[in-house]
Amino acid sequence: MDMNTGKIELPKQAREFGFFVDGKWVSAGARKLIERRSPAHDVAVTRITRCTVEDLNHAVSVARQAFTDRRWSGLSGTDRAAVLLKAAEGIRARAEELALLETLESGKGISQSRGEVLGAASIYEYAAGAARALHGDTFNNLGDNMLGLVTREPIGVVGLITPWNFPFFILSERVPFILASGCTIVAKPSEVTSATTLVMAEILSDAGLPAGVFNVVTGSGSEIGQAMTEHDDIDMLSFTGSTAVGRRALLASVGNFKKLGLELGGKNPQVVFADADLDEAADGVVFGICFNAGQCCVSGSRLIVEKSVAADFEARIAEKLSRVRVGDPLDPRTQVGAIVTEQQHDTILSYIGKGREEGARLVCGGGPLVTDQGRFVMPTVFSDVTMDMAVAREEIFGPVLTISTFETFDEAMELANDTVYGLAASIWTKNLDKATNAFRRVQAGRVWVNTTIAGGPDLPIGGFKQSGHGRETGIYGVEEYTEVKTVHIALGKRDLWV
Ligand code: NDP
């Protein structure tokens, strides 16, 4: 580490991983390896195993056995909570290792990775409480001859497919809640960011999670991921990623009617009214598009600003963006790191090209950051954007902000809701009536008022419209992984039918 800047050195060699099934590491053996090169340095940092569909089938049968024999679901909420609390301790003890792996594979800034890892530990602690709080309902109003119960039971074996943008954080918004419910898991992380999921399997095992309850297979999405969506012995699939693959998962679920939790894309509005604190709002808008280099399902990618303040607001954003630090993710001062893959980099640049061709006005950015190595995109702002432009309609998943203007409240709401997505929205105003009317009208699973991309595991997350199905985190996030069972208990003597 550089003692002046805190900058971390690249590891000397790539770390090799097997996969984790039935409480043990399985080495790659004759299977192929997938090498991951750091998107910021183009250096090999990890090698993971390309599992086969047979490996997946084995992992599912192990998870099925672990579910059926009740080694986990049969424990009390208190006992499950104890394991989750120990896992939180394990995450904290290995925080620096996890953060470094996350940064090396994903390209996000090390300070952000550190924050996400510690945030994840706190999610396990919340979920430990939820494991104890989970309960059903009673109906004691059915008369003296009948008692009604509604019990919640774990749904069974859960397949978990997670993306590359928040590999550890998104995993941690799912796993402790699924475990709190009593289910067992087979996880498949993105092939470009599998390391922290694999380390988590070891942490959970060390925390006392029984063998076979959390299993990880690694490999390609189109092969192993697709096989998971089609698998007849997976009871529920939690998928986070693109709407296109989410749609495939929906089609594949018909085989065994598996339940789906889908968290998909977003094209999230930032609605700024003239009476907002414009400086704070500009700071929020800049954070909302730069966070994780815009590779974030809840990025505030569409600024919808009241016309009377639009020019002033645009200037504030451009000025703030000129001070955002883009660059080496191993430097703790970096705010915007590298773009995860060549493909994602090309996609973002092609959208920037489209914005120009469609006649949007470029305010700042507009291309890659020129460096010796790695892939970076300068935060880019397009103004005079209309809703027929691709840059306003399609999820870019990069640091690209569009600006459109409105004159009336109704017009603002129409623009905000003019999208197939409904994941998140932010409203900026100091007027309480306006804020309340706006959060009631906007179609999104998460709404922020005078802030953006904020909050913890206590509240549920998920999307309206084509942004998904179901909710993760909060007590809703545990209930999501349960089936509801209705029980009628007859009391006293039966009124005979025959
Ligand atoms: P994908 O939807 O392809 O990837 C997300 C996850 O799904 C990864 O684990 C991937 O594995 C897996 N996967 C890929 N194909 C299949 C399949 N046929 N069946 C089951 N699982 C599969 O997203 P991309 O990585 O291609 O990114 C494309 C776009 O998706 C982005 O530009 C962005 O718009 C959106 N996206 C949204 C995310 C969100 O958080 N809502 C997260 C990531 C992407 P593997 O990586 O190994 O192929």
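Is Phe287 buried, partly exposed or exposed, and at what relative accessibility?

A: Phe287 counts as partly exposed, because its relative accessibility is 37%; buried means under 20% relative accessible area, exposed over 50%, and partly exposed in between (1.4 Å probe, protein chains only). This is a predicted model, in which local features need pLDDT of at least 70, side-chain atom pairs count only at pLDDT 80 or more, and totals for chains, interfaces and linings use all residues. Residues are numbered from 1 along each chain as its sequence is written, and side-chain values use heavy atoms, with hydrogens and water left out.

The structure holds eight aromatic pairs. Rings of Phe, Tyr and Trp (its six-membered ring) pair if their centres lie within 6.5 Å; planes under 30 degrees apart count as stacked, over 60 as edge-to-face and the rest as tilted. One of the pairs is stacked: Phe273 and Phe409 lie 5.8 Å centre to centre, with 15° between the planes. This pair links distant parts of the chain, 136 residues apart, with Phe273 in the loop between strand E13 (269-272) and helix H9 (278-290) and Phe409 in helix H13 (residues 409-417). Helices (H or I, at least four residues) and strands (E, at least two) are DSSP runs, numbered from the N terminus. Phe273 counts as buried at 1% relative accessibility, whereas Phe409 is partly exposed at 22%.

Phe287 itself pairs with Phe291 in a tilted arrangement, 5.1 Å centre to centre and 35° between the planes. Phe291 is buried, with a relative accessible area of 18%. Elsewhere, Phe17, Phe20 and Trp25 form one aromatic cluster.
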